[in-house]
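Subject: Structure handover

Hello,

Here is the structure for you to look at. My notes on it follow below.

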Amino acid sequence: MLLRLLILTLVFYLLLLGLRRLLRGRRPARQADGSLRMVRCSRCGVHVPEHEAVRRGEAWYCSREHARQG
Ligand SMILES: [Zn+2]
């Protein structure tokens with residue numbers, strides 16, 4: 001009975017680990033320290049996560065609106 005409980009706990013733990021790895025794979029790229037890469041809007045200077053920023057050439061913008069205005 002106790003052994004079965006142990007096995008169940010182990011299986012549950014492994015499932016949780018696998019699920020966590022799956023979720024991590026879907027997240028945007030992160031730096032080594034775990035923080036999101038931030039870029040600076042060339043128009044207003046606001047810092048936004050890279051995956052939310054708009055890129056135009058070499059410059060980054062916080063929104064499509066600012067990318068259009070340059
Ligand atoms: Zn901006």
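Helices (H or I, at least four residues) and strands (E, at least two) are DSSP runs, numbered from the N terminus. This is a predicted model, in which local features need pLDDT of at least 70, side-chain atom pairs count only at pLDDT 80 or more, and totals for chains, interfaces and linings use all residues. Residues are numbered from 1 along each chain as its sequence is written, and side-chain values use heavy atoms, with hydrogens and water left out.

Overall picture

The protein has two helices and four strands, in the order α-β-β-β-β-α from the N terminus. Of its 70 residues, 16% are buried; buried means under 20% relative accessible area, exposed over 50%, and partly exposed in between (1.4 Å probe, protein chains only).

Zinc site

The zinc ion has as protein donors Cys 41 (SG), Cys 44 (SG), Cys 62 (SG) and His 66 (ND1), at 1.9 to 2.3 Å. Donors here are N, O and S atoms within 2.8 Å of the metal (3.2 Å for Na, K and Ca); water is not among the atoms, so sites may look incomplete. Along the chain the donors follow the spacing C-x2-C-x17-C-x3-H. Cys 41 sits in the loop between strand E1 (38–40) and strand E2 (47–49), and His 66 in helix H2 (residues 64–69), so the pair ties together parts that are 25 residues apart in sequence. Cys 41 and His 66 are both buried.

Salt bridges

Three salt bridges turn up in a search of the whole structure, a salt bridge being a side-chain nitrogen of Lys or Arg within 4 Å of a carboxyl oxygen of Asp or Glu.

- Arg 37 and Glu 50 pair at 3.2 Å, N to O. Arg 37 is in the loop between H1 and E1, and Glu 50 in the loop between E2 and strand E3 (54–56); the pair links distant parts of the chain, 13 residues apart. Arg 37 counts as partly exposed because its relative accessibility is 42%, and Glu 50 is partly exposed at 27%.
- Glu 58 and Arg 55 pair at 3.9 Å, N to O. Glu 58 is exposed, with a relative accessible area of 73%.
- Arg 68 and Glu 65 have their closest N and O atoms 3.0 Å apart. Both lie in helix H2, three residues apart, about one turn of the helix. Arg 68 is exposed at 59% relative accessibility, while Glu 65 is partly exposed at 41%.

Regards
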